[in-house]
Amino acid sequence: MPQPPAHRSRRFILVTSPTPETLSESDEEGDIPPRQPRLAWQETWSSEGSSRPAEDSLLAEGSSPAAESSPAEESSPAAESSPAADSSPAAESSPAAESSPAAESSPAAESSPAAESSPAAESSPAADSKDESQLLDPNKAWKLCKDSAMEFIEAYVSGTEKDKEEQKMLFLSKICALCRTVSEKGLTLDLHAFCRKNKLVENIMALLEKEPMDSLNTEFRQKAMETIAVLSNTVPRALHGKKESLRHACYRSVFFLPPESDVPETERVLYTKTMNAMDPMLVAFVRNCPTASVSAELQNILEVLLDFAGSRNSTVRERAVTRIERLSDFILSYFVADISDYNEKHKDSHDDPRELYIPILGQLLGHLFIVSCGTDSVSCTALGALFRFYEIISDGRECSLTKDMENYAERRKNLKDTAFPFTVMSTPCDIAKAFGGFLFPSERLDIILTALEALPDSSIHDKKGACSLLDAALDDPDYWLTDVPTIMDCIRKNLDSIHTASARRCLDSLLLQLTNLMSREEVKNLLQFSPPSDSTALGMWEVVLAMPQTLQKVLNALMEDLPLRNWCTAVTEDTCIRRLAMLAQNHVSEEEFGNPVHLQSYLKHPSPAMRLMALKGLSTVSESPEKARKIQVVLPDILEALQDTNADVVLKALLVLRNVMARVERREAGRTALQLAEKLLPLFDHESSQVREHSICLFQAVTEAVLRQRKRALKRTVHSSLLPLYFRMRDQSESVAKASGEALVVAAEFLRRKELKHLAQTKQTCRIGECLLQQDGGRVEEYLQQSQPYLQDSQTVLRLEAVRFIGLAARYSGDQSEEKQNEIISVLRSSGKDVEPMVRCLAAQTIMILASRRNRTSGRRFRQLWCC
């Protein structure tokens, strides 16, 4: 991943204020003390209904300032319900209770007769002093609390009843109590060693992984994440090397829960609390990591969240994006809030402070750009996160903008297309342009790659949003498309999976821009891809070869750098593009072009994609007269391509032949006219309307090219084209019908058939069939044979016309024998089962007419025999 410029911003400052406890121990994550925990993190919870040991009651009874300042202790149910505090006989009869400040304020102490008249209180001053000292010693009290928590934790970890809900909750409560006791009261205990010895983090992860993923019935997940936050604030070393596993356990345990809308109303509060508990935990991870590792910690957190944000589960996506939005709010407040104070304190310093740089930021922004294109709640959440990230980078990078970044921002400002703040009406293109002036090249590259990876059919991302994002790059390619090889490599990996029309159009535009930006060296690298073994490279070259300006640029650069004669020493698949490069050069002679066997191998390659690519290149090259004449050496192979089973290959071959025939001299055109015309006739009835149209147009061009010569050998082929052209004048495709009529005019002129030409020009379709039968009496049998396949045509109108023409041709047939009539009737009977009622009806009527005529002919012949 390319790194940002060496000149760093002076806005994002990582400040740390280590506590005395943390200063005394080395941190395993970099020997840098963690940030001091805030008091908010010290307000931990305790399990409701749990019975604390008697030692815990001392915390409630004691009057130390530390005990009074702990909100958790004041509200602890255990402290309120402790038997030691409320009903202990020792507490009621102890002389210390009378002199203790806590005892004076205790209702139990005031109302207890035993406390007022106890003989022990009057007769044993030494004993009273000793008991009072023991009860009021805060160190003793907190030590007892610590020992109680440790005893329970060790017993739980080594016990066998870990799955009981009450025990699990009490286990988490004791961990929090122990952390609070040690950190607030300064008791001697190596918490890191204790956590490691009892594997507290591992036990919490194990319990989380056992939680059902399809329901949320208890507060355990919420309390577990709160406990992890407490551990992070108190003993961050205990989480060293385990944060990633902890995050994954929490994500899996929470993100895959059913949608909140599917749970009863009474349980939704628990859902909200559980989801919200994750945010302080993630924040604690960042706050308590070494200063030098803050960017890495944010990178680790956001990287996993981004994976979940791309989930096919909409609920998981929404929860992950929400966590990103909450974390962006923390990043903004955590870093930006301290900028002014730090700058004031270090205004005379020349040291470059540490900047917040997250390597995954570009990928994250790209995802948020695309997700923001929508109307659901996730898009609004993404917009909120983008708003905060915009504030973060725009404020934090003011001092590190490069010249090209400043120029881009100025261009966008002049064009007034970077409106801020963003709204639901803002497109990804608009938002990306607003961000663009503050993004480093590596981040801009990641945004482009993210958009490309969102285009494949399998992607859950909105193709409209991804295309809109790429539009920002297409508007200013010199700024956004700086790493052409990497982007081309990403396109090559995803191209085969992109079939959506809008996505392909966007990708084609991007490819053309990249081609224009290619350096000579990058062109050479692109040519190293072997088309047959890399179908994606074929797809890329199809786009490049389709545009003359990009083809000329690429091929000219190639010709200038590489020796021409060394290219085609052998017939190999990867020389196809090089051979096309030679064709693109006007100064390359036919001798230098060499043996045409090279291109023949491409045109006969078993891969349709290979054949198609070669023909596309030839199509572009053949647009100039000079290059079209060179292609004549491979015309036979192009003619063979007309019989290809792939419609795209046939269509591209027709385009090449059209260019060649239009640009060569008439004398040269006549040499191949007959062979070409014969190859074109079968294509008149091709299933592809485009192939039908282009083959008919090319046939017209060929006939016109030799119109004056009127070669006798071509007349039979033109005669054979009359009936197919007549039928195709009724084609459902208007372009095919129009081309057929124009071609029929030229064919009639070639054959000197004035009446037929007039009928075709005036589009008197109904009379053309009878005209053909009247003027070509000797070809009626041929017409009958030609018309029969149209009875099976996919177009109803052509099947109807075929039935009519066959019935009409039967009248003009020279063979009126009963056998011939029966043959024609037999052919028409297949149409009696046609799916269209109109065809069935017309076939039945025609058969009846032919049958009655056959009977009349048989009767006349019988009478003639009787008279003899």
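# Reading a predicted all-chain model

Tutor: Arg752 sits in the loop between helix 47 (734–750) and helix 48 (754–761). The model is a predicted one.

Student: What is the phi of Arg752 near?

Tutor: Start with the general idea: most residues other than glycine have a negative phi. Here, the phi of Arg752 is near 60°, a positive value in a residue that is not glycine.

Student: Does Arg752 count as buried or exposed, and why?

Tutor: Exposed means over 50% relative accessible area. Arg752 has 64% relative accessibility, so Arg752 counts as exposed.

Student: Where is Lys199, and what is its phi?

Tutor: Lys199 lies in the loop between helix 17 (191–198) and helix 18 (200–210). Lys199 is not a glycine, yet its phi is positive, about 50°.

Student: How many helices and strands does the protein chain have?

Tutor: The protein chain has 53 helices and 0 strands. Of its 868 residues, 51% count as buried.

Student: How should I read the confidence, and where is it lowest and highest?

Tutor: Where pLDDT is low, the predicted coordinates should not be read in detail. The protein chain has an average pLDDT of 75, and 68% of the residues score at least 70. Confidence is lowest in helix 3 (residues 54–61), with a mean of 31, and highest in helix 29, at 95. The pLDDT is also below 50 over residues 563–575, a stretch with 30 contacts in the model beyond near neighbours in sequence.

Student: Which residues of helix 29 meet helix 30?

Tutor: From helix 29 come Ile447, Ile448, Ala451 and Leu452; they meet Ala466, Leu469, Leu470 and Ala473 in helix 30. The residues of this contact are 8 nonpolar, no polar and no charged. As for geometry, the axes of helix 29 (residues 441–453) and helix 30 (residues 463–475) come within 9 Å and cross at roughly 145°. The crossing is left-handed.

Student: Which residues touch the most other members of the largest nonpolar core?

Tutor: The general idea is that in soluble globular proteins, nonpolar side chains tend to be buried together. In this model the largest nonpolar core has 133 residues, and Phe171, Phe389, Phe435 and Leu452 touch the most other members. Another core, of 85 residues, lies apart from the largest one and includes Ala614, Ala673, Leu714 and Leu756.

Student: What does Phe389 touch?

Tutor: Leaving out residues up to four places away in sequence, Phe389 touches Ile324, Ser328, Ile331, Leu361, Leu364, Leu365, Leu368 and Phe435.

Conventions: Residues numbered from 1 in each chain as written. Predicted model: local features only at pLDDT ≥ 70, side-chain atom pairs only at ≥ 80, totals over all residues. Heavy atoms only, no water. Axes fitted to C-alpha atoms, helices over the stretch in contact; angles between N-to-C directions. Helix = DSSP H or I, 4+ residues; strand = E, 2+ residues; numbered from the N terminus. Left-handed = near helix turned anticlockwise from the far one by under 90°. Contact = heavy atoms within 4.5 Å. Nonpolar A, V, L, I, M, F, W, Y, C, P; charged D, E, K, R; others polar. Core = buried A, V, L, I, M, F, W, Y, C linked by side-chain atoms within 4.5 Å. Buried < 20%, exposed > 50% of the residue type's maximum accessible area, 1.4 Å probe, protein only. pLDDT = per-residue confidence, 0-100.
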